[in-house]
Amino acid sequence: SSGRFVVMEIKIGIVNTATEVSIDAQESAESIEQQLKDSLSQPDAVLTLTDAKGRKVLVPARGIAYLDLGQPNSRQVGFGAL
């Protein structure tokens, strides 16, 4: 069986480093934005995002310089994607 899901590339800038963290998430931009706002409102909060493969990425909110929410890309999965 095949299905469709939306994947969005998210880039997270980390304070005092030139390195970005980049993940492909299956959550909506609105959901991620709300999670970020919630995290930033607490002094020792951790932003937790899960990528399309189920891997969790945890970033201390105080270390986030920016979040770049890319455009959603619809991808085919399953045997129908061939």
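Tutor: We can go from the overall layout to the hairpin, then to the charged pairs and a backbone angle.

Tutor: Please keep in mind that this is a predicted model, in which local features need pLDDT of at least 70 and side-chain atom pairs count only at pLDDT 80 or more, whereas totals for chains, interfaces and linings use all residues. Residues are numbered from 1 along each chain as its sequence is written, and side-chain values use heavy atoms, with hydrogens and water left out.

Student: OK, what pattern does the chain follow along the sequence?

Tutor: Read along the sequence, the pattern is β-β-α-β-β-β, which amounts to one helix and five strands. These elements are DSSP runs numbered from the N terminus, with helices being H or I runs of at least four residues and strands being E runs of at least two.

Student: And how much of the chain counts as buried?

Tutor: Of the 82 residues, 23% count as buried, where buried means under 20% relative accessible area, exposed means over 50%, and partly exposed lies in between (1.4 Å probe, protein chains only). The accessible surface of the chain comes to about 5500 Å², and 51% of that belongs to carbon and sulfur atoms; the areas come from the Shrake-Rupley method with a 1.4 Å probe, and for residues only the protein chains shown count as cover.

Student: What about contacts, what share is between residues 24 or more positions apart?

Tutor: Such pairs account for 54% of the contacts in the chain with a separation of 6 or more, a contact being heavy atoms within 4.5 Å.

Student: Let's switch to the hairpin. How do β3 and β4 pair?

Tutor: They pair in the antiparallel sense over five bridges, and two strands are said to pair if DSSP finds at least two bridges between them.

Student: What is D51 doing, and where is its place?

Tutor: D51 is in the loop between β3 (46-50) and β4 (56-60), and at 9% relative accessibility it counts as buried. Its side chain reaches the backbone nitrogen of K53 at 2.9 Å, and a polar atom of that side chain lies 2.8 Å from the backbone nitrogen of R55. A polar contact here is a pair of N or O atoms within 3.5 Å; within protein, one must be able to donate a hydrogen and the other to accept it, and residues adjacent in sequence count only if both atoms are side-chain atoms. Not counting residues up to four places away in sequence, D51 also touches I23, D24 and A25.

Student: Which side chain meets D51 in a salt bridge?

Tutor: That is R55, at 3.0 Å from N to O, and R55 is partly exposed at 47% relative accessibility. A salt bridge is a side-chain nitrogen of Lys or Arg within 4 Å of a carboxyl oxygen of Asp or Glu, and by this rule the count comes to three.

Student: And what are the other pairs, with E33 and R62?

Tutor: E33 pairs with K37, the closest N and O atoms being 3.4 Å apart, and both lie in helix α1 (residues 29-40), four residues apart, about one turn of the helix. R62 pairs with D44 at 3.3 Å between the closest N and O atoms. That pair links distant parts of the chain, with R62 in the loop between β4 and β5 (64-78) and D44 in the loop between α1 and β3, 18 residues apart.

Student: Are R62 and D44 buried or exposed?

Tutor: Both R62 and D44 are exposed, whereas E33 is partly exposed at 38% and K37 partly exposed at 48%.
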